[in-house]
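Me: I would like to go through the sheets of this model and check each term against its cut-offs. The structure comes first, then the questions.

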Amino acid sequence: MPTGQIHCTHCAALLPFAWESSWSRAVCPACKEGLQIHAFPALHRSLKIPAKGALPIEDGNAACFFHSRKAAVVPCDACGRFLCDLCDLQFQGGHFCATCLDAAQKGRKGPAEAAPFLKDRVFLPQNLVLGMTLYLPLTMVGLYTMPITAPAAIWIAVRNWNREEGMQVRGKGRYVLGITLALGQILATGLFVLLLVYVFRKAAAK
Amino acid sequence: MINRQEYQALPGRVSGPMYSARLYQSRHHLLKSTVMGFHEHFRRFAWEDIQAIIIQETPWNGVMSLLLSLVFLMQAVSFLTFSDKAMVTFLIYLPFLILIGALLAVNLSRGPTCKTFLLTSVTRERLWSLNRVRKARELIDAVAPIILARQAEAGAAQHAAPAPSYPGEEITFTAAPASPPGASPAESQAHYPGGSAPKAAESGRWHLLALLFLAFAMMGNIFDLLLSEANPWLDRIGMICFLGSCATCVAVLISQTRKVSPRAVRVFGMILLGYHILEAMLIFGILAFGVILAVKHADLSGEIFEARKMFWFYPLVRSELAVETAVFLFGAIIMGRYLKRRSVETDASGTLPATEAT
């Protein structure tokens, strides 16, 4: 994106104004949408793209793990592999290879511990438990699947009790609610089965 | 593995049963956290990279207030004109009125609505947790000093630092010539990537047709609502108009040659869908209740039905009519707004607006 330019968030037309580092109000000339814009100095900073060109290997120098004919310049902070200038990916002062970046994002143990800030997704079993025990039975389908989903929800809750939590969904409250509901559903299912047996027996006796 | 001690929550939060969004600040970056279903997703924005925060004002606060006021007013009129002023009637109407009044008060107290975007050199990210102008301003007041300080540090470091270890290349983009304020849309379209603005997808006559159908349906509903006795002809006219508006929406969607349908019809289509799901649930609930009553108390079904009609059914039908009228009004506002904007832009430039296909 060119420096110093802002496009309308509604119609993507260029807003023909000079932006300063403060509040300003603008009306898009194309779609007449009202916008409030707080620009920061980075808007006027030119994009600096380093010209990356890995140096060829010389005698006595270490080679890049991924490019055997290129000289290594730095080791990966997660796995220790030697990296050339092309393979070196920098984040928050650290140097990483592409494999470790991918692994860290997926939350694999080694790389994710070396670079926890790279993790972009967390699984929330609390929501799964609550979905199975609270939201699913609200639909008609969920009533029929209850004998399977309720024990499964308890199993998931117990298995993931000590699992890593997210930023927003924390605590054991959802697990407790899910387990309570699941136990109630198991009890209700059992009572329903007993009732059916009783009715059939009574009908057979008659 | 995420160090929660490092993060501090920022103003603004959107939360639902399986969805929530919130922003956090850390020493290095702004963290956008979004819970969707069974996963929580993170996006991080380094303070040095944030170029601007943009607030786009939206009219939904006014629309919601208008709709809630309308429903509240209709409920109040319905209650006042109800012939039976027994305590039971009062107890049935009161929760409706309190609920709608509370929703209205909350909506008004939260202030105008908006969409908030965060701009960096490579992306423009919607901040879902900030949907009210007041909260967005609070957030900016909180993070602006940090961003300015970090960007000043980064700028100073950039100037003070020696030449990089590898040859760097300073790329300065040529800015597009800025058009003067108040330039016509046709002039502004010259800045679209690709040279020319995309063609409009459709002319707007379908929207006009939908607007007319909705207006007729709304009028029929209002008459039906005000007249205490059931009027089959009004019901039929209202139903035909309602079906006509639905059919118009479907026809517009089918007639589109492009993949992206016009926003107004798309939004109204989603509203219709949501409304019908709710209505189906309501009808299903009433039917289930009726079936249970008929099975359990077959001998009393006549009396119970009368009682239900008196205490539940009648206010329920009126509420349903009020909500339906509000939905029609909402659709009419969307269509009218679209048509007005389109006519203004067409008059100004003689061309169709570029926003249609974006």
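Me: Which strands form the open sheet that holds β8(A), and in what order?

Reply: The order is β8(A)-β4(B)-β3(B)-β2(B)-β1(B), 5 strands with antiparallel pairing. The edge strands are β8 (121-123) of chain A and β1 (8-15) of chain B, each of which pairs on one side only. Neighbouring strands here are turned by 15° against each other on average, direction ignored. The axes behind such angles are lines fitted to C-alpha atoms (for helices over the stretch in contact), and angles run from 0 to 180 degrees between N-to-C directions. This is a predicted model: local features need pLDDT of at least 70 and side-chain atom pairs count only at pLDDT 80 or more, while totals for chains, interfaces and linings use all residues. Residues are numbered from 1 along each chain as its sequence is written, and chains are lettered from A and ligands numbered from 1 in the order in which they are written.

Me: What makes β2(B) and β3(B) a pair?

Reply: Two strands pair if DSSP finds at least two bridges between them. Strands β2 (residues 19-25) and β3 (residues 29-36) of chain B are joined by 7 bridges and run antiparallel, so they meet that cut-off. Within this pairing, B:Arg22 has B:Ser33 as its bridge partner, and B:Ser20 stands opposite B:Val35.

Me: Why is β3(B) called mostly covered?

Reply: Of its 8 residues, 6 are buried. A residue is buried if 20 or more other C-beta atoms lie within 10 Å of its own, exposed if 12 or fewer, and partly exposed in between, with C-beta atoms placed from the backbone.

Me: What makes β1(A) and β2(A) strands, and what makes them a pair?

Reply: Strands (E, at least two residues) and helices (H or I, at least four) are DSSP runs, numbered from the N terminus. β1(A) and β2 (residues 34-39) of chain A pair in the antiparallel sense over 5 bridges. In β2(A), A:Gly34 is the bridge partner of A:Val27.
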